[in-house]
Amino acid sequence: MEKRRIIVQNQEDIEKSLRRIAYEILEKNKRGKDLVSIGIMKRGVTLARRLSSKIKEIGGIEVPMGALDINLYRDDLSEIASQPILRKTEVPFAVKDKKVILVDDVLYTGRTVRAALDAIIDLGRPQFIQLAVLLDRGHRELPIRADYVGKNVPTSEGELVEVKLVEDDGIDEVIIQEEK
Amino acid sequence: MLLIKNGRVIDPFNNIDDYLDILIDKGRIVEIRQGREEGKEESRVTQIIDVRGKLVVPGLIDMHVHLREPGHEYKETIKTGCRAAASGGFSSIACMPNTNPVNDNQSVTKYILDKAKSEGCVNVFPIGAITKGLEGEFLTEMSELKNAGVVAVSDDGKSVRNSELMRRGMEYAKNFDLLVICHCEDSDLTVGGVMNEGFTSTRLGLKGIPNAAEETVVARDIILAELTGCRVHIAHVSTEGSVRIVREAKSRGVKVTAETAPHYFSLSEEALESFDTNLKVNPPLRSVKDVEAVKEGLKDGTLDVIATDHAPHSSLEKDVEFDYASSGLIGLETALPLALQLVKEKVLSLSGLISKFTANPAKILDISKGSLIPGNDADITIIDLSLNKKVDINQFKTRSRNAPFNGWELEGEALYTIVKGKVIKDINGLVV
Amino acid sequence: MPLQNKDLLTIEQLGIDEINLILDTADSMKEISTRDIKKVPTLRGKTIINLFYEPSTRTRTSFEIAGKRLSADVVNISTSASSTVKGETLKDTGKNLQAMNPDLVVIRHSVAGAPKILADSLPASIINAGDGAHEHPTQALLDAFTIREKKGEIEGLKIAIIGDITNSRVARSNIHALNKLGAEVVIYGSFTMIPPFIERMGVKVASGMDEAIKDVDVIMMLRIQMERQSRFLFPSLREYSTVFGLNLDRLKKAKEDVLIMHPGPINRGVEISPEVADGPYALILEQVTNGVAVRMALLYLLIGR
């Protein structure tokens, strides 16, 4: 039996979502001073990069970008099947007193964001951290919520959400697939 | 009377290789004769052992054994050592003097002989020390030792470092026609060494013992033998150079004989990759080239004897870091099957191999063993050449377990060991 | 786990992929030591025991810091204060420690093969921090990491290792590592310090200092041992440093951008002159920094789950 696959976002949808989020960020952070973005590896980084360039385009503001590998902060290292390969965290600015926009592709249980929050705070004390995600698929296991959401897509736990981006995968699309 | 029937009798001393029966009475060989028809045996024959298809040879002799009693009974006693010997097919063993106290005086010699008589099940021939306490300083009272029953003198475990003392030791031993057995090792060249110096020691970062450490002293002791006219026997030859030196000396008529141990033709230095301390032995396991030379030496007669250098050690000495482990491995119960491999490899003929365990050591020690002669003690070993067995050290009769051969698949074993007409080992195992 | 074995005993046992994984992971770890809060929670609750039978400040401290930066609980045992003095065997010490459930034991010992004894008898992961003259795998890994950082790639480089090769576990581990990574290794030292058949390990033996160092990309100097047993290996420090030492003059014969490395501690003025040790191309201190990162990577790869 073939697994059902639905494309919930195509290239145009993703572009629109990111554009809208950029506007929302600018609206919420009037002067954009001390604004930085940190993407969670690996597609969060791609999205953060796109957001930064959109914010520059729309508001003329430079938003320095960082890349975060959260694997050392995971709470499930002893449960997952294979040990994650580490990537290098590169945050080329001090986090202290900055307004951090944390960017990820999918918000699901919230555990990844929790780990990212711990990682960022270990780097310094920001003014605040706001969360921007392309997709919120529900099923939170921790009290975490996004400040900026591209699209809310209710899913069941048996479904797999795949985000593909041109820079990483050659195409922009978000797919939901039955896991079984 | 005991009759051993239908076996293939090989007695190199008497040049016998034939299907013969042996009649034994009151502990001595009565007759060696052609087989008689079934039922035509003497009425006094109370026991018949039918060894059709098996080999019947003079009781095997191991002239290099460490019995550890007195002093280190936790490793081996005269009793357990003898049982191990009998289990391995040996009816006579010569034991080295590095006990505690050292066998450097008649009391210790007497002690060993008494213990052997009351508790040992095979013939025990003590070897006395060359120097008091094996300290390489003062000569022992060799006349007294000889009278007490030693068959040779040796400082085995070490060399006599002082060449002048070694020379005088040989001259003094000559007074009493005592054989001097030489452990050849320059302890300065070996200092700290734990295995052969070669590629394996280079790779493993373990301190190596060069061939030269053995060869320089083999040369020295042979030259001293020439100088003094003393009979000399080189113990545990392990290197190509040593074989060459002995061969050359023999060709000039020097009164030197030599032995090697089964581990020097069954294992080489590469095995030490595992850091298994049961492979730590002195002299160390050598290179493949040396192993080939040792086999060649056995083949052309340069090496007269195979002797095990049976050296029991307990887990206290062996279950430690490699550098701290004592050297030595047990050999009485694996010597025969390992040696029989040489026949398979066509290094030796069956008769040639047997002579390394019988006629040759007997001649060197000057004991009336190692041959089947009517009137002599009935020391006989019966061998099953085709018995395939996986070595299981937990079945060993020796008290210790320091052997690297555990699990080896070997062919050939002693089925019966008969000492002075008494069956000590039969097909079911030790009788004592 | 991504490493094939539960233990790291030798470089010889490691595959090229494993070495690269360790070096890549070390890259990620290095960043943590530059932060204000030099800690991540990854090994929280894990217990690491440093069992050092040989004195060492640098390696032991490096392992200790590595473990602590990953939030592990690190315990140091140095044998002058321990039960070994009372005659306890290594195996018994190991079993006693295991009864306290460590996740990993780092052992340094003066006898080759000692870590294997622990690895075979304990379920904990064992890291060899140096066993006799046999191997010192973490040193070779941090050396490779350092070279890679500077030169981009190790394949195709030419590296000279100079000094007492016979007694050097650093030399052996480095020879294995550099060969696996595709470098060409040339060694040099006094004949008294070159072990037999060393060429079979995949190295060329140079016949002089100048020949050894010209055209190489990296020079690794080994420390000379000053213990009593070494007195037959060379007659005097003065002559040793003249013939086998690295100084500015001699360095003129080498490539201009040659890198100088040393596993430490250095004997200033003996195998390496102060000017060279403190000079611009000496990476000695970077080796130390990288040592923490590499050890963090190993701890993560072995017990980070």
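This is a predicted model: local features need pLDDT of at least 70, side-chain atom pairs count only at pLDDT 80 or more; totals for chains, interfaces and linings use all residues.

Reader: Ok, which residue counts go with the contact between chains C and B?
Author: Chain C brings 22 residues, and they are in contact with 16 residues of chain B. On the chain C side, the elements giving two or more residues are α3 (90–98), α4 (114–121) and α6 (169–180). Of these, α4(C) gives the most, with three residues. Helices (H or I, at least four residues) and strands (E, at least two) are DSSP runs, numbered from the N terminus.

Reader: What's the class make-up of that side of chain C, the one touching chain B?
Author: It has 11 nonpolar, six polar and five charged residues. Ala, Val, Leu, Ile, Met, Phe, Trp, Tyr, Cys and Pro count as nonpolar, Asp, Glu, Lys and Arg as charged, and the others, Gly among them, as polar.

Reader: And how many residues go into the contact of chain A with chain C?
Author: 13 residues from chain A and 15 residues from chain C. The chain A side splits into five nonpolar, four polar and four charged residues.

Reader: Which pair of chains has the most contacts?
Author: Chains B and C, among the two pairs that touch. Chain A and chain B do not touch, and their nearest C-alpha atoms are 31 Å apart.

Reader: Switching to chain A. What's the strand order in the open sheet?
Author: β3-β2-β4-β5-β6, five strands with parallel pairing. Two strands pair if DSSP finds at least two bridges between them. At the edges are β3 (65–68) and β6 (148–152) of chain A, each pairing on one side only. On average, neighbouring strands of this sheet are turned by 25° against each other, direction ignored.

Reader: How many bridges between β5 and β6 of chain A?
Author: Four, in the parallel sense, with β5(A) spanning residues 128–136. Within that stretch of chain A, L135(A) stands opposite K151(A) in β6(A).

Reader: Which strands does helix α1 of chain A lie across?
Author: Helix α1(A), residues 11–28, lies across β4 (99–107), β5 and β6 of chain A, and runs at about 150° to β6(A). Helix α2(A), residues 43–59, packs on the sheet too, touching β2 (35–40), β3, β4 and β5 of chain A, and its direction makes about 155° with that of β2(A). Axes here are lines fitted to C-alpha atoms, for helices over the stretch in contact, and angles run from 0 to 180 degrees between N-to-C directions.

Reader: Now chain B. Is β10 buried or exposed on its faces?
Author: Both faces of β10(B), residues 179–182, are covered: L179(B) and I181(B) on one side and V180(B) and C182(B) on the other are all buried. Buried is 20 or more other C-beta atoms within 10 Å of the residue's own, exposed is 12 or fewer, and partly exposed is in between, with C-beta atoms placed from the backbone.

Reader: What does β10(B) pair with?
Author: β9(B), residues 152–154, pairs with β10(B) in the parallel sense over three bridges, and V153(B) has V180(B) as its bridge partner. The chain crosses from β9(B) through helix α4(B), residues 163–175, to β10(B), and the β-α-β crossover is right-handed. That is, with the strands pointing away from the viewer, the path from the first strand over the helix to the second runs clockwise. β10(B) also pairs with β13(B), residues 232–234, in the parallel sense over three bridges, and there C182(B) stands opposite I234(B).

Reader: Where are the domains of chain B?
Author: Domain 1 is 2–56 + 376–430 and domain 2 is 59–365, with bounds from an automatic or database domain assignment. Their centres, taken over C-alpha atoms, are separated by 26 Å.

Conventions: Residues are numbered from 1 along each chain as its sequence is written. Chains are lettered from A and ligands numbered from 1 in the order in which they are written. Two residues are in contact if their C-beta atoms, placed from the backbone, lie within 7 Å.
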